[in-house]
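Colleague: Can you put the model up? I'd like to go through the contacts between the chains, then the surface.

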Amino acid sequence: MYQYIIRRILVFIPMLLALSIIVFGLAKAAPGDPLSGKIVDPNIDLAVYEQQREALGLNKSIPVQYFNWASSVARGDFGESIAYKGRSVQSLITERIVNTLYLGLVALGITLVVAIPIGIYSARNPYSPLDYGATTFGFFGLATPNFFFGLVAIYLLSINLGWFPAQGTTSSTGLSGFAEFKDRIHHMVLPGLTLGLAGTATYMRYMRSEVLDVLGSDYIRTAKAKGMSDRNVLYKHTLRNAMIPIITLMGFEFGALLSGAIITEQVFNFPGLGTLFLSSITNHDYPVIMAIALLLGVAILIGNLLADIFYSIVDPRIRYD
Amino acid sequence: MQTSQNNTIQIESIDQPDRKHRSPLQLSVHRFLKNKLALVGIIVLFVIILGAIFAPYLTDHDPRKSNLMLVEQGPSSDNILGTDASGRDNFARLLYGARVSLTVGFSAMLFTLSIGLVLGALAGYYGGKIDNFIMRLTDLVLALPFLVLALTIIALLGKVTIGIFVTVIAITSWPTLTRIVRGSFLSLREQEFVLGARAIGASDFRIIFRHFIPNAIGPIIVNATLMMATMIIIESALSFIGFGIPQPTPTWGNMISEAQSIRILRYHPEAWIPPGVGILVTVLAINFIGDGLRDAFDPKSDRR
């Protein structure tokens, strides 16, 4: 097992390098360089321009530029934003990342709280009305684009019923303490539901089939035969085994959650990483684009790594070749 | 048609003698036709395809032609779903949008399928170093945030056409299918009939096309079908955030993106709900067909 974990971590490093090379390469392939965004005055002295290029290291060879970029990124320095003059990329990202993290947590929370109990119930009572309901919901949840669901939610719950705010993270700045917290949660409900929808459908289906699988296995029959109560069979044997793939799924679904967040934030005009990323693309703000692409890529790599490590710890049957 | 109960009894009674005369493909077709949801999916998809093909006969409006005198109109006898922010007829855009959405979904699926087949076949058939290299490549692409990658490429290219768009989707989503093809090829490689084929001098090409692909076709078709549904959602999502097929070409995604204006969202639901329902119904139909195919190709599901 340790051998597997070490090998898995060793694979992580070249992947990280490859990711950074791709991100750097894409930004390099872009028309213009970081400076072209800075030329406001067309009469600018070309000599000064060249001087600036030299100061930023843009006249060096591509590998040298990559090395310089990678080493400053490793120190946590992503450079300066082009669109937001004079602001460092880090400050822009730290300002937004908290909102995206909260959104992701709320969505994941909704997903797990809804999907797991219903998945278990469906598996224990297959072909019951609730199971059919859950299956139908699953089909619709997977077929509805999340931005469309978000718009319908705004139209019905926000515009027509006025229950929830349609955009942003807070309604006024004067709030503090519990009132502020309540206000934030209130703003988070619709985006959270929207982002959580596809995940809820996926996890529900997974949970149902996993529990059904485990319930059909020999050790459950043995447990029942020796007179164990249904409760104990469920908690001690069924769930422990059925949860393994679910937790692994969480690691792999992490990327889908992040991609979903980009779209969801756009629907709700939510000030997170996603909206920052989209506006940076429109503004050709390459330092910010590179930083966010790298950040999301690393997050997915770590998600997959943790999922693999977790799986090798809890399931000793896994092969290590 | 007989009732389903009658059907089952009939099949069970002639079960044993009949089965011997059926090829696996015939059995699969038979199982598929028994699946009601899958049949509903086929019918619905067929109707949508007909609507897309015969769009010019169903509406007189040009979906690209704007009319600035008639902007954001409500439904009327002439424009039954009203007009959009540039005065284009929404109903015409809905019908022609189906063409684009289905074309993009289908061609992106075909493109991805061909990359997946070639790379998966190479990895699964030859194994060793080639396999290792291709698998690391799939790991890498799977680890890249799909949407971020696609958006960055589209942003670099500046102008998006359907061809570019399909290519971007395909080069960012081939790994799943590659893995499936590789997996089934790896297990087929160890089978004795392959050794037999090789012993009588069959070429690699022949073994792959005559023996491997027919044996692995089930999961490939199922995943390609389900993939087409995903592609349609991806197209609409990218068009919605403004990085997909640009206006005035109608797609369901960029029709819905009009609802980013709170005025249209609030007062003209007839403009953005129909394309959304269009995506929902199409994707649902394709998923039903895909699930039906999965059951049909799974020999174990026969004994239920």
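Modeller: Between chain A and chain B there is 1 residue pair in polar contact, with both residues at pLDDT 80 or more. A polar contact is a pair of N or O atoms within 3.5 Å; within protein, one must be able to donate a hydrogen and the other to accept it, and residues adjacent in sequence count only if both atoms are side-chain atoms.

Colleague: What conventions apply?

Modeller: This is a predicted model, where local features need pLDDT of at least 70 and side-chain atom pairs pLDDT 80 or more, while totals for chains, interfaces and linings use all residues. Residues are numbered from 1 along each chain as its sequence is written, chains are lettered from A and ligands numbered from 1 in the order written, and side-chain values use heavy atoms, without hydrogens and water.

Colleague: Which residues form a salt bridge?

Modeller: A:R205 and B:D291, with the closest N and O atoms 3.5 Å apart. The rule (a side-chain nitrogen of Lys or Arg within 4 Å of a carboxyl oxygen of Asp or Glu) finds 1 salt bridge across this interface.

Colleague: How many residues does the contact take from each chain?

Modeller: 40 from chain A and 40 from chain B, contact meaning heavy atoms within 4.5 Å.

Colleague: And what area is buried between chain A and chain B?

Modeller: About 3,500 Å², with carbon and sulfur atoms giving 85%. Buried area is the accessible area (1.4 Å probe) that the two parts lose on being put together, summed over both.
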